[in-house]
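Dear colleague,

Please find the structure below, together with a summary of what was found in it. I would be grateful if you would read the two side by side.

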Amino acid sequence: IRQYTDASGNEEVAEMPSLYNETYHYFNLDGSQDSIRIYANTKEEADMKFQKFLVEILTAKPETPTLAEFIDTKYRPVFMRKLSPASVTNYNTYITKYIIPVLGDKHMGDITVEDVQYLYDWMAHSKEHGCRQNLVCDTIDRVGGLLNRIFNIAKDLKIVEDSPVKKTLLTNDGDPSDHHE
């Protein structure tokens, strides 16, 4: 319980969660100025909370585009334009039928090897997800290769640090490929 004077000069008694509050001003990483009000029991505690807040801002990963956004704004218009018409058709099929439905809404920086394994498993059992049939190993490998190429381009553009497509960590449970023998 704390006694204080409100803006019109009246004495008030109220339950106050903090004895001290302060407004701190800081610059965002983009150069814009912002402020935050911190509530604490002491000035020292408020200062510590503000320092922790600044560390969180500085160590936060920048938000990357979703995989679908990157494909639509960078990969398709820039990196697919010199491919043969047959490759463009195949890649667009892989992108629209497999990659986008499973991983398209995830931010590229958040996609992990486990997510790619989920995509591989999803394709190996794609009949359960409304596809005509489960995909064969070779097709799953081609989709994985395309996804790895997309991530390597994003890596070269400094959008992501690395590709989550790690062949040594992924298992491909697709049906055997016998129609190409």
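**Second largest pocket**

The second largest pocket has a volume of about 260 Å³. Its lining consists of 13 residues, and those closest to its centre are Lys97, Tyr98, Arg132, Gln133 and Leu135. Helix H3, which spans residues 85–103, contributes the most to this lining, with five residues. Sorted by class, the lining comprises five nonpolar, six polar and two charged residues. Please bear in mind that the model is predicted.

**Overall architecture**

The protein contains five helices and four strands. Read from the N terminus, the order of these elements is β-β-β-β-α-α-α-α-α. The protein has 181 residues, of which 29% count as buried. Its accessible surface comes to about 11900 Å², and carbon and sulfur atoms account for 51% of that area. As for contacts between residues at least 6 apart in sequence, 51% of them join residues at least 24 apart.

**Salt bridges**

Side chains of opposite charge can pair when their charged atoms come close. How many salt bridges does the count come to? The count comes to six salt bridges, and several of them are described here.

Two lie in helix H1. In one, Asp47 pairs with Lys43, with the closest N and O atoms 3.3 Å apart. Both Asp47 and Lys43 belong to helix H1 (residues 43–59), where they are four residues apart, about one turn of the helix. Asp47 counts as partly exposed, at 25% relative accessibility, and Lys43 also counts as partly exposed, at 39%.

In the other, Lys49 forms a salt bridge with Glu45, and the closest N and O atoms are 3.8 Å apart. Lys49 and Glu45 are separated by about one helical turn because they are four residues apart in helix H1. The relative accessible area of Lys49 is 37%, so Lys49 is partly exposed; Glu45, with 29%, is partly exposed as well.

A further salt bridge joins the side chains of Lys106 and Asp115, at 3.1 Å from N to O. Are these two partners buried or exposed, or in between? Lys106 has a relative accessibility of 30% and therefore counts as partly exposed. Asp115 has 16% and counts as buried, because the cut-off for buried is under 20%.

With kind regards

How values were computed
Residues are numbered from 1 along each chain as its sequence is written. This is a predicted model: local features need pLDDT of at least 70, side-chain atom pairs count only at pLDDT 80 or more; totals for chains, interfaces and linings use all residues. Side-chain values use heavy atoms; hydrogens and water are left out. Buried means under 20% relative accessible area, exposed over 50%, partly exposed in between (1.4 Å probe, protein chains only). Contact means heavy atoms within 4.5 Å. Accessible areas come from the Shrake-Rupley method with a 1.4 Å probe; for residues, only the protein chains shown count as cover. On a 1 Å grid over the protein atoms alone, a cavity is a set of points where a 1.4 Å probe fits but cannot get out, and a pocket is an open set with protein on both sides within 12 Å along at least five of seven lines; lining residues have an atom within 4 Å of a point. Grid points are joined across faces, edges and corners, and a volume is the space filled by probe spheres set on the points. Ala, Val, Leu, Ile, Met, Phe, Trp, Tyr, Cys and Pro count as nonpolar, Asp, Glu, Lys and Arg as charged, and the others, Gly among them, as polar. A salt bridge is a side-chain nitrogen of Lys or Arg within 4 Å of a carboxyl oxygen of Asp or Glu.
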